[in-house]
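Please examine the sequence and the three-dimensional structure shown below. The explanation that follows leads through them region by region.

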Amino acid sequence: MKIAEIHIYQKDQAIVDGPYVMSTMSLTSIDATIVKVVSDTGLIGWGEVSPLGPVYQPQHALGARAALCHLAPTLIGRECLQPLLLQRHMHQHLNGHNYAKASLDFAIMDIIGKHYKVRVCDLLGGAENERLPAYFAISKGSAEDVAAKAKDKVAQGYQRLQIKVGGRDVAQDIEVVHKVWEAVGKRVRLVVDANRGMTGSQAMQLSLACQHIPFLFEQPCNTMEEVANIRPQMSHPIALDESIEGINDMLRAIGGNVCDGFGLKLTRVGGLNAMATMRDICEARGLPHTCEDSWGGDILSAAILHMGATVKPNLLEAVWTAGNYIDEHYDPENAVRSTDGYFTLPTGHGLGVNPHENRIGILVHSFS
Ligand code: 0XW
Ligand code: MG
C-alpha cells in the first residue's frame, strides 16, 4: 500500500478562558497544522502539530508547514506499512524538525491501524486500560485566583494539578504554592511547573520555602545542566520536560541522575514510535512520566491517549491534552476531552477520530 496524496491544512485554535499564561509567554490562540495522508487504496490517515507559539520550544507553525512541504513530495509513492523506514527516510531528507515529522507519523499509524482494523494503541503494544487519568494546568496568576481555580478543578474530579510559576518575583510563586496547598492540600497531587523560567537560585528558594509541601518540580530551569547543579539542594522530586527533545536527551538525563521523571510531549520527540522507545526506557528504569503535547486538537489528542494507554499504569503520571482548553473540535462525535478527571480511549480503528473537512481549517498545500 503506497502513499498517494498528502494535504496540509492551517487552523487557528482559540483558547477557551484564555490567555494561557506560563513563565515565558501568554497566548490566546494557537496556529495548528493538520495533515491528511491518503493511501493508493483510499485509506485516510490524520496527523496534527500545534506549536505553543514561537517561544515555548524551538518550533514554529510556519516551520512545521515548511518542513512538511519539503518532505511531502519525497513521501509520495512510499510504502505506508513501514513506519520505521518512513521515519528513517524523513531523517535522511530533513535534519531535525521532529515536531513536523511527528504529524506524518500519526497519519501513517492511523492508516496502518485502519488497514489492519486495530487501534493505534494496539500497534504500540496494547492498552493497559481504557480510562486514563487527566491533569489540569492552571495558568500563572495571583495566589487567590490560582487557588480558586484549583478548588474548581478538584471539584471537577482532577487528581493532579499543575501550577505555572516562574518569570516573576519568586515570592509570588511561593505565595501561590502555599495558597493552593491550603485550598486543596492532600486532595490532589501537585506539580509546580516553571517551564524553564526560573534561575537556579529562585528554584532553590521556592523548594526551601515550601519544603513541607509535597509537589513535583517540573523543569525549574532552562537547561539540564542548571537543574543538575541545584538538584542536591532541592527538597522536591524533579521532572524534566522541555529539556527532553529526544531519546538521547532522556539517556543523558537518566545517566546523570538529573531527574526523577519526565513530562513527555509526543510531537517534540518525533511521534508515537519515538515515544514508545522512551516509554520502554522509562519502564526499564521505573521512571514515571506524562503523555502529553504542547497543544493540539482531536487528532493530536487522540494520539496522546493511544500512547498513554500503553504506559505501565504505575508509571503513568497522567495525560494532558488541550481538549478542555479549545471549544471547536474537529470531530464533535469523538471529541477528545476529559470528564471527571479522566479521558476515555477512542474505540475506532487507527486513531479513532474522523475530522470533518469543514472543521480543520484552510487547505494550504496538496501533494500527489
Ligand atoms: C501543560 N502542558 C502540557 C501544556 C502546555 O503545552 C505546556 C505544557 C507543560 O507541561 O507545561
Ligand atoms: Mg511542563
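The structure is a predicted model.

Asp-193 belongs to strand β9 (residues 189-193), whereas Asp-241 sits in the loop between β11 (238-240) and α9 (247-255), so the pair ties together parts of the chain that are 48 residues apart in sequence. Both Asp-193 and Asp-241 are buried.

The loop between β9 and α7 contains Asn-195 and also Arg-196. Each has a positive phi although neither is glycine: the value is near 45 degrees for Asn-195 and near 75 degrees for Arg-196. Their accessibilities fall into separate classes. Asn-195 has a relative accessibility of 1% and therefore counts as buried. Arg-196, at 22%, counts as partly exposed, because the buried class is limited to values under 20%.

The description now turns to helix packing. Two packed helices are described by the angle between their axes and the distance between the axes. For helix α6 (residues 170-184) and helix α7 (residues 200-209), the axes come within 10 Å and cross at roughly 30 degrees. The two helices are therefore roughly parallel, since angles under 35 degrees are classed in this way. The crossing is right-handed. On the α6 side, the contact involves Val-170, Asp-173, Ile-174, Val-177 and His-178, which meet Gln-202, Gln-205, Leu-206 and Ala-209 of α7. By class, this contact comprises 5 nonpolar, 3 polar and 1 charged residues.

Elsewhere in the chain, Tyr-325 lies in the loop between β14 (316-319) and β15 (342-344). With a relative accessible area of 5%, Tyr-325 is buried. Leaving aside residues up to four places away in sequence, Tyr-325 touches Ala-14, Ile-15, Val-16, Tyr-20, Phe-136, Ala-137, Trp-295 and Trp-320. The C-alpha atom of Tyr-325 is separated by 34 Å from that of Arg-88, and these two residues are 237 residues apart along the chain.

The peptide bond from Gly-18 to Pro-19 is cis, with omega near 0 degrees.

Key:
Residues are numbered from 1 along each chain as its sequence is written. Chains are lettered from A and ligands numbered from 1 in the order in which they are written. This is a predicted model: local features need pLDDT of at least 70, side-chain atom pairs count only at pLDDT 80 or more; totals for chains, interfaces and linings use all residues. Side-chain values use heavy atoms; hydrogens and water are left out. Axes are lines fitted to C-alpha atoms, for helices over the stretch in contact, and angles run from 0 to 180 degrees between N-to-C directions. Helices (H or I, at least four residues) and strands (E, at least two) are DSSP runs, numbered from the N terminus. Angles under 35 degrees count as roughly parallel, over 145 as roughly antiparallel, 65 to 115 as roughly perpendicular and the rest as oblique. A crossing is left-handed if the near helix is turned anticlockwise from the far one by less than a right angle, and right-handed if clockwise. Contact means heavy atoms within 4.5 Å. Ala, Val, Leu, Ile, Met, Phe, Trp, Tyr, Cys and Pro count as nonpolar, Asp, Glu, Lys and Arg as charged, and the others, Gly among them, as polar. Buried means under 20% relative accessible area, exposed over 50%, partly exposed in between (1.4 Å probe, protein chains only).
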